[in-house]
Protein chains: 2
Amino acid sequence: MNHISKLSEIYTDPHPYPVGIAFQDGQYIPVSEAKISVLDYGFLHSDATYDTVHVWDGAFFRLDDHIERFLSGVERLRMELPVNPEEIRQILHNCVALSGHRRAYVEMVCTRGTAANFSRDPREATNRFLAFAVPYGSVANDEQLRRGLHITIADITRIPPGSVDPKIKNYHWLDLIMGLYDAYDKGRETALLLDADGNISEGPGFNVFAVRDGSLSTPARGVLPGITRRTVIEICAAKGINAQEGNLSQERLRSSDEIFVTSTAGGIMPVTQIDGQPVGSGKIGPITDCLKCAYWGWHKDSRFIDIVSYPG
Amino acid sequence: MNHISKLSEIYTDPHPYPVGIAFQDGQYIPVSEAKISVLDYGFLHSDATYDTVHVWDGAFFRLDDHIERFLSGVERLRMELPVNPEEIRQILHNCVALSGHRRAYVEMVCTRGTAANFSRDPREATNRFLAFAVPYGSVANDEQLRRGLHITIADITRIPPGSVDPKIKNYHWLDLIMGLYDAYDKGRETALLLDADGNISEGPGFNVFAVRDGSLSTPARGVLPGITRRTVIEICAAKGINAQEGNLSQERLRSSDEIFVTSTAGGIMPVTQIDGQPVGSGKIGPITDCLKCAYWGWHKDSRFIDIVSYPG
């Protein structure tokens, strides 16, 4: 058998991708062409940090806050970006403008990269930046947004902060993915994981809020400090609604009047069942509704938005 | 500004890579061309499992065991491989044969992949298989192998088994990477992490063994069940050396006569300093030496090797 005859010069990718635009190494390319080396430690060691921001009706929401969190993660991982913050902002704008998407999910990523000699010493790697814009997506689909998510509490501990600092937004999701499968096995749609003390932490890509007697509470430790979570807390402050960050026990969650989850991918999303039991009345509650309305209202507020300039 | 004029059809990768061969989607390609989509959840959620096997002097070592562990991880992650075990074996042989490397580091990977609509439901993704062969690498370099590694015990908890099952070989390495930086900051070369009880777990890509009074002990829980670790235990059984799997306290480790770490990337590698203090005599010990000799001896044993057929 002549092995050599089988060697190709270039990889041809047979898989379909959503429509969008990516940036890599100074180049704007279709997102279907955006690839990272299988030797990049961003893949091989999930040694990467990222942030996602959305564009709604042609404008970024809280772009500064997302870039700031991203830069903080990069610094904590001891990486160096090949682009400065103003260049990042311009690149993200360009990706969206080139994509034409008026509603987009936009991601910026810094990976450890590679060293030419495949050294295992992360200090020898050249860190890389990439970004992409694809159509807006949501944790909850339209039907789930209308009637509320049906969730489970999975008996899985979210990777604790003593292992991986959740302030560094990271791709360590296997615990969350196993939580999703646990939910599917039980006939539920998504999952919340626990912290090491058995309290509620977060779910796959979202924070959670419980409402009881008109007050909100959300887990404080071992969770990503979500920008949507922060927005909810700020809206509450503006409206005089009490919102506390602290431990949230399973019992407290199960006895809530209302529950919702928050994510850049979907905003404020109601939860109306936990493990088959209705949350409160089993319908989307008034505080959730009110906060959701305010959240999307803030998307028209010049304090928080950056308008994309689309070509011609 | 005309954004569209800046769009490229194809990404041109300016980064250097080691020489090797990869397999992706039926194609054998130079490893420099082996790329995964930035939208593959193997990257975006580190939703992947893998295994690495080495080729030493033209023969795979314990290839069956590595493939078996890989298949187990794929099953636990609820993924489906597009190739069967015999095809995997042939692909790995072909990658090595095409690379020409007589000593190679060979990796097989299954990623969650993508769904065309960028769905967040992992059940909708098409799982992908890839493999590559690059030059053999070692956790310890030549000098470190000669005089022993100088390590630290980092005050970082290895991601616990209640979060991510360590039997699924995975890319969740940020805790290990932070351990490496902790070691570098202290002037050491690598690190061991702790488990949730403060006992020793493992390091970046390796298991650890402590030797005292002629007996070996190695952590049992929350660590990858390494194939080199298993080989050491089997060699001990064959030689009548006592080797126990169980809790290994920091105190027990620090008071060892000998310490070594084990990895497919480097085999059995001595440790002669912990946090600046000599281990035992401060020199590589006789049991470490004896096991290392036996380990490489087994690389000539037909029970464990698969000879690569290189092209004419």
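## A walk through a two-chain model

B:Gly203 is found in the loop that links strand S9 (190-194) to strand S10 (207-212) of chain B; helices (H or I, at least four residues) and strands (E, at least two) are DSSP runs, numbered from the N terminus. This is a predicted model, in which local features need pLDDT of at least 70 and side-chain atom pairs count only at pLDDT 80 or more, while totals for chains, interfaces and linings use all residues. Residues are numbered from 1 along each chain as its sequence is written, chains are lettered from A and ligands numbered from 1 in the order in which they are written, and side-chain values use heavy atoms, leaving out hydrogens and water.

B:Ile168 sits in the loop between strand S8 (149-157) and H5 of chain B. Buried means under 20% relative accessible area, exposed over 50%, and partly exposed in between (1.4 Å probe, protein chains only). Contact means heavy atoms within 4.5 Å, and the contacts below leave aside neighbours up to four places away in sequence.

B:Ile168 and B:Tyr50 are 118 residues apart along the chain, and their C-alpha atoms are separated by 8.3 Å. B:Gly203 and B:Gly312 are 109 residues apart in sequence and 40 Å apart in space, C-alpha to C-alpha.

How do the chains relate? A rotation of 180 degrees with 0.0 Å of shift along its axis superposes chain A on chain B (RMSD 0.0 Å), which is the relation of a two-fold axis. Copies are superposed by least squares on the C-alpha atoms of residues with pLDDT of at least 70 in both. Of the interface residues of chain A, 100% are also interface residues in chain B, so the copies meet through the same surface.

Now for the inside. A nonpolar core is a set of buried Ala, Val, Leu, Ile, Met, Phe, Trp, Tyr and Cys residues joined through side-chain atoms within 4.5 Å. The largest one has 105 residues, and A:Leu39, A:Phe132, A:Leu253, B:Leu39, B:Phe132 and B:Leu253 touch the most other members. Apart from it lies another core, of 66 residues, including A:Cys95 and B:Ile67. Among the residues that A:Leu39 touches are A:Phe118, B:Tyr17 and B:Phe132.
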